[in-house]
Amino acid sequence: MRNKQNDGLRASGAVCARLRTAAGPNPTKQGPSTPEIIIVIITSVILSVTTQPASAHPQCLDFEPPFKPQWHLEFCSQYEEFGCCDQATDNVIAERYWDIIEQLETAGYDLCEDLLKEIMCQECSPYAAHLYDAEDPYTPVRDLPGLCLGYCSKFHSRCRHVLKYLTENRLLLDTSGRDVATFCSLVDLPDQDYCYPNVLKSADLNSNLGRVAEDPRGCLQVCLTEVANNLRNPVLMLHSGDDTHRMFIAEQVGFVWVYLRDGSRLETPFLDMSGDVLTTPWLGDERGFLGMAFHPKYRHNGRFFVYYSIQFNSKAEKIRISEMRVSSSDMNVADPYSERVILEIEEPAANHNGGQLLFGRDGYLYIFTGDGGKAGDPFGKHGNAQNKSALLGKVLRIDVDGSDSRGKPYRIPPDNPFPADPDARPEVFAYGVRNMWRCSVDRGDPVSGYGAGRIFCGDVGQNRYEEIDIIINGGNYGWRAKEGFECYDIKLCQNSSLNDILPIFAYSHHVGKSVTGGYVYRGCESPNLNGLYIFGDFMSGRLMALEEDKTAGTWKEKSICMGSTTTCSFPGLINHHHKFIISFAEDEAGELYFLATSYPSAVSPSGTVFKFMDPSRRAPPGKCKQKPLPVKVRGKKFPFVPRELTVLKTNEKPTRPPPRKYKLTTKPPVTSGQPRSTTTAASTTAATAAAAKPDRKPPPKAVTKNKKKPWKKEKEKEHRGKEAQIKKSPVGKKSKPQTKKTAVKTSVKAKVKSKTNQAATDNSHKKSSKGLKDNKIVAKWRTPQTKSAQKPTGLKRKISQREHLIFSNKTKTGVTINRQKQKKLPWVRSRHSKKAGAL
């Protein structure tokens, strides 16, 4: 087991081993020898010279990225633009600071406020984890931040008397009293870029502070969290928009599972359509359960819509869009008998089945179909996509909140673009698409609302290009005349009436061969990602992003890659994912996910859901809190068990949390204008804590009255022996001494009362002195809760005469003096309350 005092130092690397060797087995008694100190200092200098340029990795003591506080910081204001403290933490540090200043004033010490404040505010530094060595979760957090040698010497010369208020580490306290070289070699950090105040001066560490980390190629580094696993080709994940924050994950084979906010999955599926859905175990089969959308008013009407492949007579294949309802008796199960078919479209081939359903901000249902399959859209003269009388290769829009006069279970929105065109189906909203796979609605900027309602789609290409489109009313997206920005069918491409809308972005098959559309990030937890459209490629497994230039109206590519081991060194984070990116998702709070598998078969349980996280910056604590509505669960829940290998161990935390409260030594009494040493008070506190530590309750009494446990007999015998010994002693004739445990508890009780109510304190002293008139210490005035303190404790340590005087008030004279001091000196009550709190 490591020495606790050495753990408080938390030196790392080669210097760590050297320091621990130099400290010896008992660092409180003997310090490092001179040659070893010289070796330590030389080693530190060599390391500082040979260290490579700093790699910025801001990290807080709570093992998360820094943030910009929501409001102004009053105390550690130098970190109000970016750091690790919100207003609550800032107030805690300020309270501790003024407590220490009060102690220094009482003792008559030099206050050295500026240096003390600088050191205490390093908890708010964006590099706090580095300063306190908390980035390594397997070692303790330092009591003091890492101080550079020059600054440490200045602190030691002016403020070494403050150390006892900042740390209880005996090695630090002892070395600070001997020489500055040893002390500063212990407090220093091996990496001179991160010690204070060098960390403030490094351009490498502060130039891009808070921005998304980039690798040398300019690729944005992100990290991931595993959310769900063991899924069979998860084709989509969506929320119901009913404030429960549940997530519904659909598998290609036809199952839809409910995941609760705590990550657990319900045993019973929300929907089981595996008996109706057409799918096969073939790799890359595009048929199956493909789409789902909850009605905007699902919380009130329980309606949702599904899109899946079916087969008739083992030959004809169709896609079906149906309406269903949730069960009236269970909010986590759909009614299997509630299906109402809205629309069916025959599919001429097994591929290009489309599959996206979503509701726009206008309340209408959007349906995204493929061009029918095969290659090059060979159906008809111009193909299905350019044929407005066909429903394939289109974006359809319908009103599902009513039916028309001809008996259709939906209506045509009045602003659909082609209701008066006899050669066009009224359901068509946009056309000229090949096989749009995964579309999304932009929530809009959380502050300005910019971009709200835009529909982004990834359209899978043929042989050369993949593209991203923004869907508009009546738009023609060019297929099969064009693929991306290039011509595919020369004759159609040269047609002057094509009037197609170009994609906002396209990439060649050197990058990927099957685009998977994503989302514009509008979440709260990763502010740096706001406004980025994040998507991927199914075949290459590559993640990509687009950033909008609002002035020019264009979109610029931003490469995304997995963060390095250093970048993702946070608990529970991973920096890898499965290759085949099937779909993207957004939860009810706007956080972004994607679904991937390592084996793209509808029956392979290798699908996993990953959540994006920016390791460079997070939202301020408390800003992103959600209050989901309760979910009534019937049946079993399966807790989430992560499978992916994290950079650190799952849920790893620092050895101890960051310091929240310093244990202040007792305030010394001031006599004759000279400060008195606090050594006696400190030793008294230590003795009190040592006496109170082994306070164990005896086993509960037996039910039978006559039978006594052997241990009880031994305790009583020992207690009788002690009483006899006390009666024989001279002291025992005048007073009956208490055991340490009883005395401590009595003292604590009196001190707590004195802190909360002065009248109660005076009353308790009167009762105590009344008992002393009979030359006995009587504890009967205590409340019934303290009766257990009168039982024999079994402590065999002898009480010294001085401790006996302090804790038992052995003589009348002593009590009189103490009472007079309590009346004259108000600090006595404060001291008692502090000691009571410490005990």
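Two strands pair if DSSP finds at least two bridges between them; helices (H or I, at least four residues) and strands (E, at least two) are DSSP runs, numbered from the N terminus. With that in hand, here are some notes on the model.

1. **What you are looking at.** This is a predicted model, in which local features need pLDDT of at least 70 and side-chain atom pairs count only at pLDDT 80 or more, while totals for chains, interfaces and linings use all residues. Residues are numbered from 1 along each chain as its sequence is written, and side-chain values use heavy atoms, with hydrogens and water left out.

2. **The chain overall.** You will find 23 helices and 30 strands in the chain. Of its 839 residues, 52% count as buried (buried is under 20% relative accessible area, exposed over 50%, partly exposed in between, with a 1.4 Å probe and protein chains only). The accessible surface comes to about 40,600 Å², and 52% of that surface belongs to carbon and sulfur atoms (areas by the Shrake-Rupley method with a 1.4 Å probe; for residues, only the protein chains shown count as cover). Taking contacts between residues at least 6 apart in sequence, 63% join residues at least 24 apart (a contact means heavy atoms within 4.5 Å).

3. **Strand S27 and its partners.** Strand S1 (residues 220–231) runs antiparallel to S27, joined to it by six bridges. Leu 231 has Gly 607 as its bridge partner in S27. Strand S26 (residues 592–597) also pairs with S27 in the antiparallel sense, over five bridges, and here Phe 594 stands opposite Phe 610.

4. **Both faces of S27.** In a regular strand the side chains alternate between the two faces of the sheet. In S27, Gly 607, Val 609, Lys 611 and Met 613 point one way, Thr 608, Phe 610 and Phe 612 the other way, and all are buried. Do have a look at Lys 611, one of these buried residues. The strand, residues 607–613, is thus mostly covered, with seven of its seven residues buried.

5. **Helix H7.** Which residues of helix H7 (residues 149–159) are buried? They are Tyr 151, Cys 152, Phe 155, His 156 and Cys 159. These residues sit on the same side of H7 because they cover an arc of only 135° around the axis (the arc is that of the directions from the helix axis to the C-beta atoms). Exposed Gly 150 and Ser 157 lie on the face turned away from the buried side. The buried residues pack against helix H5 (113–120), helix H8 (163–166), helix H9 (170–178) and helix H10 (180–187).

6. **Salt bridges.** The structure holds 35 of them (a side-chain nitrogen of Lys or Arg within 4 Å of a carboxyl oxygen of Asp or Glu). Glu 323 and Arg 325 form one, at 3.7 Å from N to O. Glu 323 is buried at 3% relative accessible area, whereas Arg 325 is partly exposed at 38%. Both belong to a network of salt bridges that links Arg 303, Glu 323, Arg 325, Arg 340 and Asp 401.

7. **Two further pairs.** Arg 406 and Asp 404 form a salt bridge, with the closest N and O atoms 3.9 Å apart; Arg 406 is exposed, at 67% relative accessible area. The side chains of Arg 522 and Asp 445 also meet in a salt bridge, at 3.9 Å from N to O. This pair links distant parts of the chain, 77 residues apart: Arg 522 is in the loop between strand S21 (515–520) and strand S22 (533–537), and Asp 445 is in the loop between strand S15 (436–441) and strand S16 (455–459). Both Arg 522 and Asp 445 are buried.
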